Amino acid sequence: MKTKLVLSICAAVPAIVAAAFASIPELVTLAAFPEAQGYALEIGVTLRYALASVVFMVAIVIFSMRNIEAINDQRAVLMGCTIAFAFMFTTIIALSVFRGIPLQVPPMIATAFVAVLCLRTRSKLEPTFSVL
């Protein structure tokens, strides 16, 4: 798969998350914290709005890197995306195991898929070596 397409997919995942955080923050908060109500729910909703902007910023940065032409730069960006999405996958699992937050299956699947896709695409790119 071409790097440009993979990075487009990498940008789409956080963009979808940001859209969900911004459009249905109460539902997303209640999915993570079913017992939340009153002031705690308001704090959760406020944090979802803040997270939506940060996650959307990440999506824009990834999307803007799609046109990198140098193979070594593509490999570096794909490795960064692999690490980032793998870390998010691990965090989703850890929150469920250690904090008792219900397992969020769709984000877990999406982040794992994107991490593997980035790593696989990176492994198919041959590194280039230049002599100065």
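User: Is Val-58 buried, exposed or partly exposed?

Analyst: Val-58 has a relative accessibility of 38%. Buried means under 20% relative accessible area, exposed over 50%, and partly exposed in between (1.4 Å probe, protein chains only). Val-58 therefore counts as partly exposed.

User: At what pLDDT do side-chain atom pairs count?

Analyst: Residues are numbered from 1 along each chain as its sequence is written, and side-chain values use heavy atoms, with hydrogens and water left out. This is a predicted model: totals for chains, interfaces and linings use all residues, local features need pLDDT of at least 70, and side-chain atom pairs count only at pLDDT 80 or more.

User: Which pattern does the protein chain follow along the sequence?

Analyst: Helices (H or I, at least four residues) and strands (E, at least two) are DSSP runs, numbered from the N terminus. The protein chain has five helices and zero strands. Its C-alpha trace spans about 65 × 25 × 25 Å along the principal axes. Read along the sequence, the pattern is α-α-α-α-α.

User: What share of the accessible surface belongs to carbon and sulfur atoms?

Analyst: Accessible areas come from the Shrake-Rupley method with a 1.4 Å probe; for residues, only the protein chains shown count as cover. The protein chain exposes about 8500 Å² of accessible surface. Of its 132 residues, 30% are buried. The carbon and sulfur share of the surface is 72%.

User: What is the area of the nonpolar surface patch that includes Val-58?

Analyst: Patches take residues with over 30% relative accessible area and no salt bridge; like charges are joined within 9 Å, nonpolar side chains (Val, Leu, Ile, Met, Phe, Trp, Tyr) within 5 Å. A salt bridge is a side-chain nitrogen of Lys or Arg within 4 Å of a carboxyl oxygen of Asp or Glu. Val-58 sits in helix H3 (residues 39–64). Together with Val-54, Met-57 and Val-61, Val-58 makes a patch of about 320 Å².

User: How far is the sulfur of Cys-81 from the closest cysteine sulfur?

Analyst: Cys-81 is buried, at 7% relative accessible area. Leaving aside neighbours within four places in sequence, Cys-81 is in contact (heavy atoms within 4.5 Å) with Leu-7, Cys-10, Ile-62 and Cys-118. The closest sulfur is that of Cys-10, too far for a bond, at 4.3 Å.

User: How many disulfides does a search of the whole structure find?

Analyst: A disulfide is a pair of cysteine sulfur atoms within 2.5 Å. Cys-118 is buried, with a relative accessible area of 0%. The number of disulfides in the whole structure is zero. For Cys-118, also in no disulfide, the nearest cysteine sulfur is that of Cys-10, at 3.0 Å.

User: What separates the C-alpha atoms of Lys-4 and Phe-63?

Analyst: Lys-4 lies in helix H1 and is partly exposed at 40% relative accessibility. Beyond its neighbours within four places in sequence, Lys-4 is in contact with Arg-66 and Asn-67. Lys-4 and Phe-63 are 59 residues apart along the chain, yet their C-alpha separation is 8.9 Å.
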